[in-house]
Each structure stands twice: as structure tokens, then as C-alpha cells.
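Please keep the structure in view while reading.

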Amino acid sequence: MRTIGNLSDQLGGLRGKAILVRSDLNVPMDGARITDDGRIRASIPTLTRLRDAGARVVVCAHLGRPKGAPDPQYSLAPVGARLAELLQAPVALASDTVGPDARRLVEQAGPGDVVLLENLRFNAGETSKDDAERGAFADQLAQLADGYVSDGFGVVHRKQASVYDVAQRLPHAAGGLVVTEVDVLRKLTVAPQRPYVVVLGGSKVSDKLGVIENLLASADRILIGGGMVFTFLAAQGHEVGASLLERDQLDTVRGYLATAEQRGVEIVLPTDVVAAEAFAADAAHDVVGVDAIPPDRMGLDIGPDSSAAFAAKLKDAATVFWNGPMGVFEMAPYREGTRALAQALLDGNAFTVVGGGDSAAAVRALGFDEDAFGHISTGGGASLEYLEGRTLPGLSVLES
Ligand code: ADP
Ligand code: MG
């Protein structure tokens, strides 16, 4: 992958050059309040490096899912304010993405200045499936700059205008964040230190099943919790009540269990869960065995016996990849499984990679020191697709 150093050589230095940077600033919000600024902080080193080199830094990013037109609810204004605090420098927010205001601010910017374009997804071209429509938007983005740096690891699995098409139109490079993330994930795919233990949870079950197939060829042990576990428990014949269940995946999951057995990959499922009357913090809830989940209850966390068993299965691990919370950590009664898991990882000596927006947010929300983990990835979907062995459009486009 081409680096910022290569780009600088190609452009004859970065001083005074307008460099478009695709960052991932898609942070969780509560109204206009940022509830977790991890992704903004992760974007700082590359922006600082470019500023120090005298580039005119033009940052672009998306926030939430606006419908291809300006929508004040999804303005990047709060993100720009936080970015300015972290950079300790002014950030000029354009009121449009590729319109007159953006062009004016980029023109006015001097070496080291930072301009933030408004939400990329205010333009239908950003996420369009139509190559021409995406390309037309990428043309406009490319006109703003002399070079392009891809630093939004959380979006490199997307074939979108600001991630993919614009790199075809400008001299380009991978930013430091993308380089670091890829280096770490490569360690997990090429000769990981063993035992290599993978912990999977969260709620995007069908999204994540694909990665299991690939992990069955590389991991020594897979621990499964979170919402995804109920499809596994059901595949083994347990009644899972009102828990999250993907019936159409039961055969696939049975296949995984069989493959795991053939290959000697140990799959560890919980033996107890916290079963609640409703998806609510104040719902009645009890710890029950996985063979005794009442029909009207839903499992919202792994139970204490399972947490202890998972911790034991992590003790000898040399490498751990963790994606997906063990329970609904956003609600106090269902966060203990995730807490216990994070603690077990910190107590061990393994090289630990935490991937996934919610998993990373859970680590911070539970008060753990994120620096104590080997690596906290900013990209959930992107890290999983990498581990699945898929080609990520936003990475392959940087190769050429
Ligand atoms: P990540 O962002 O780390 O990849 P996901 O987005 O797949 O993780 O899943 C995170 C969500 O999974 C959290 O919001 C959490 O509340 C939810 N979750 C975890 N366990 C359960 C469960 N048993 N039932 C329903 N939702 C769950
Ligand atoms: Mg998520």
C-alpha cells in the first residue's frame, strides 16, 4: 500500500498542497452530543502529520444515515467542534460538501489549516450503486484537492465515492490509521501466535456468520456470546424463548459446528444466560441454564458460570480477537458478561485485538483503559471482512 511518504514524494512535498483525507468520524450521538469520541481521536495522528508537513488539510467524512440530501440532524458541526478541541486548532466547517462554500474554504486555507466538508452522505452520489453517479461525485471531490489520503478504516470495505472512486482520480496513499489497522489484522491472518482464541458476540448475526467459516481454518477456539449465540443454542436443540434467533441460519450453523468438530476447533457456548421479560433495563430478569430458557423470556447477557468458563478458556491464549459484546451492555443489568470478558482479556497475556464499534464503545463505557488492550480497531465490519479474507475495495484501490 502506498504511504503518505510515497504521496509526498510524488507531489514534490506536501507544503501548500490540498490533501483530501477520508476519515471515519461516524461517532455515536445522543442528539447533538457525542457519546463516544474514539473515532475522532483515532483520526488525529494522520491529520497532525499532514498539518505538520504544511498540507492544506481537507477532511471528509459521513455521520449517520441521511438520505442523500442535506439534513441538519446529521450535520458534522458537533464533530468539527470536537475535532478542533483535539487538534487544538481551528476547523473550518463548510456548509456544503463540494459546493461553493467548500471550494471557497479550501481556496482560503493556508499550510497547516484544516477544512471539514459537510456530511458526505448529503450527496446521493456518495453511496450510489451506480458507477456513473458515484464517479460524478468523486470528480467533484477530486477537484478540491491535489492528493488523497484514505484514513477511515471503518469504511474501507465500502465501495463509495469518497473511499474508492476518488482514489482512482487523485495521487493517493493510505493514512497511518489504515496502515496500522491492516498491520494488526495481518498478524491475525498470517501465523498468529497460538493458542488463537476468537470471541464473537453482538447482534448482527447473519453479517458475522461469514467470518466464522474462515475462522474455523485459523482459530484454535471460538467463544460465542451476545445475540448471535441463540442461533447456535437453537442449532443444538435448545429452546431459546424470545431471544434473538435467525431461523434461516440454523442449517449453516449446524454445518459450522460439524466442521469445527472435524477440524478440532473448540466451540465454547454459554451454559447460562440472563433471561429477561422484555428488552428493557427494568424488565424482570433471572439467570437460567441454557436448557431452561422460559418461552416468554429473551436472553440478554451470558450468565456468571459462562463468564467464568470463558475466562478460563482465555487464560492460555496467546492471541485473541474479540468482536461483539456478550450482552446488551447499554443496559446496566446486562453488562456483566461483557465486563467479565474485558477483565479476563486484561488479566491475560495475549495479544488482544478488539474489533467493532460497539465492542470498542463497550470497553470505554465500562471504564476500562483502552490502552491496556493490544489494539482497538475503529472498524467492525471492515475488520471482519478482512478476517473473512474478502477483498476490501478501499484497500485494493490503494495498491495501484
Ligand atoms: P460491533 O459493533 O462491536 O460489531 P454489533 O453491532 O454486532 O457489535 O452488536 C452490538 C449490539 O449487540 C449491542 O448494541 C448490544 O446491545 C447487542 N446485543 C448483545 N447481546 C445481545 C442479545 N443477547 N440480544 C440482543 N442484542 C444483543
Ligand atoms: Mg455495531
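A crossing of two helices is called left-handed if the near helix is turned anticlockwise from the far one by less than a right angle, and right-handed if it is turned clockwise. By this definition, H7 passes H9 in a left-handed crossing. The model discussed here is predicted. Two packed helices are described by the angle between their axes and the distance between the axes.

**Helices H7 and H9**

- Helix H7 covers residues 205-215 and helix H9 residues 250-263; their axes come within 10 Å and cross at roughly 20°.
- Angles under 35 degrees count as roughly parallel, and H7 and H9 are therefore roughly parallel to each other.
- On the H7 side, Leu 209, Gly 210, Ile 212 and Glu 213 take part, and they meet Val 253, Tyr 256 and Arg 263 in H9.
- Sorted by class, this contact of H7 with H9 contains four nonpolar, one polar and two charged residues.

**Helices H2 and H3**

- Helix H2 (residues 38-52) packs with helix H3 (residues 77-87) at an angle of about 60°, and their axes are 10 Å apart.
- H2 and H3 are therefore oblique to each other.
- The crossing in which H2 passes H3 is right-handed.
- H2 contributes Ile 40, Arg 41, Ser 43, Ile 44, Leu 47, Thr 48 and Arg 51 to the contact, while H3 contributes Val 79, Arg 82, Leu 83, Leu 86 and Leu 87.
- Seven nonpolar, two polar and three charged residues form this contact of H2 with H3.

**Helices H6 and H13**

- The axes of H6 and helix H13 (residues 380-387) lie 10 Å apart, and the two helices pack at an angle of about 40°.
- H6 passes H13 in a right-handed crossing.
- From H6, the contact involves Val 182, Leu 185, Arg 186, Leu 188 and Thr 189; from H13, it involves Ser 383, Tyr 386 and Leu 387.
- The contact of H6 with H13 comprises five nonpolar residues, two polar residues and one charged residue.

**Surroundings of ligand 1**

- Ligand 1 is surrounded by 20 residues, of which Lys 208, Gly 299, Glu 330, Asp 358 and Ser 359 are the closest.
- Lys 208 places a polar side-chain atom 2.7 Å from an oxygen atom of ligand 1.
- For Ser 203, a polar backbone atom is 3.1 Å from an oxygen atom of the ligand 1 molecule.
- Gly 227 has a polar backbone atom 3.3 Å from a nitrogen atom of ligand 1.

**Backbone geometry in two loops**

- Arg 194 and Pro 195 are joined by a cis peptide bond, with omega about 0°.
- Pro 195 belongs to the loop between helix H6 (176-189) and strand E9 (196-200).
- Gln 88 is not a glycine, yet it has a positive phi of about 55°.
- The loop that holds Gln 88 runs between H3 and strand E5 (91-93).

Terms used:
Residues numbered from 1 in each chain as written. Chains lettered and ligands numbered in written order. Predicted model: local features only at pLDDT ≥ 70, side-chain atom pairs only at ≥ 80, totals over all residues. Heavy atoms only, no water. Axes fitted to C-alpha atoms, helices over the stretch in contact; angles between N-to-C directions. Helix = DSSP H or I, 4+ residues; strand = E, 2+ residues; numbered from the N terminus. Parallel < 35°, antiparallel > 145°, perpendicular 65-115°, else oblique. Contact = heavy atoms within 4.5 Å. Nonpolar A, V, L, I, M, F, W, Y, C, P; charged D, E, K, R; others polar. Near = heavy atom within 4 Å. Polar contact = N/O pair within 3.5 Å; in protein donor to acceptor, adjacent residues only side chain to side chain.
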